[in-house]
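Look at the sequence and the structure before reading on.

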Amino acid sequence: MTEECIFCRIASGELNTEFVAQNEHAVAFDDIAPAAPTHILVVPKQHISSLRELDDPIVAASLLGLAQQVAAERGLHDCGYRVVTNDGEGAGQTVFHLHFHVMGGRRLGPMA
Ligand code: 5GP
Ligand code: ZN
């Protein structure tokens, strides 16, 4: 846990954030500034700064599995959904704790 990392504080439960779902290695919670009707963040419980640092296949599967689960539970299969991670400032990463955006609930525009 990195003390000044907001997603470490959320994932540890310190901030009493309501989790949409969780498993052994990952938690899911609503984005504070949703870019789509459903916009959930899936983050590892351990601090990993971005995708380039992800080297544990168990954690990788847990993250993707949780993204898949919350998309199904939120009913995103009908409209379709998008899973995105920004790696590095140049890609728009602003929180340097790995997270996958799960977005859906309306027709989504082009990727970039
Ligand atoms: P990035 O730009 O790093 O890919 O995405 C960071 C995301 O985290 C943004 O969509 C932003 O709205 C969200 N975010 C930043 N701080 C918080 C927070 O304290 N709580 C929640 N729930 N989301 C946050
Ligand atoms: Zn962190």
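## The largest pocket

How much space lies in the largest pocket? The answer is about 250 Å³. The structure shown is a predicted model, and the values below are computed from it.

The lining of the largest pocket is made up of 16 residues. Those nearest the centre of the pocket are Phe7, Asp31, Ile32, Leu41 and Val95. The greatest contribution is that of α1, with three residues. Sorted by class, the lining has seven nonpolar, seven polar and two charged residues.

Which molecule takes up the space of the largest pocket? The space is taken by ligand 1. The shell around ligand 1 holds 16 residues. Asp31, Asn86, Gly92, Thr94 and His101 are the closest of them.

By class, this shell has eight nonpolar, six polar and two charged residues. At least two residues of the shell come from each of α1, which spans 6–11, and β2, which spans 26–30. The largest share, three residues, is supplied by α1.

## Polar contacts with the ligand

Asp31, one of the residues nearest the pocket centre, is also among the closest to ligand 1. A polar atom in the side chain of Asp31 is 2.5 Å from an oxygen atom of the ligand.

In Gly92 a polar backbone atom lies 2.9 Å from an oxygen atom of ligand 1. In His101 the atom concerned is a polar side-chain atom, 2.9 Å from an oxygen atom of ligand 1.

How much of the surface of ligand 1 does the protein bury? Taken alone, ligand 1 exposes 520 Å², and 80% of that is buried by the protein.

Methods
Residues are numbered from 1 along each chain as its sequence is written. Chains are lettered from A and ligands numbered from 1 in the order in which they are written. This is a predicted model: local features need pLDDT of at least 70, side-chain atom pairs count only at pLDDT 80 or more; totals for chains, interfaces and linings use all residues. Side-chain values use heavy atoms; hydrogens and water are left out. A residue is near a molecule or strand if one of its heavy atoms lies within 4 Å of it. A polar contact is a pair of N or O atoms within 3.5 Å; within protein, one must be able to donate a hydrogen and the other to accept it, and residues adjacent in sequence count only if both atoms are side-chain atoms. Accessible areas come from the Shrake-Rupley method with a 1.4 Å probe; for residues, only the protein chains shown count as cover. On a 1 Å grid over the protein atoms alone, a cavity is a set of points where a 1.4 Å probe fits but cannot get out, and a pocket is an open set with protein on both sides within 12 Å along at least five of seven lines; lining residues have an atom within 4 Å of a point. A molecule sits in a cavity or pocket if more than half of its atoms lie within 2 Å of its grid points. Helices (H or I, at least four residues) and strands (E, at least two) are DSSP runs, numbered from the N terminus. Ala, Val, Leu, Ile, Met, Phe, Trp, Tyr, Cys and Pro count as nonpolar, Asp, Glu, Lys and Arg as charged, and the others, Gly among them, as polar. Grid points are joined across faces, edges and corners, and a volume is the space filled by probe spheres set on the points.
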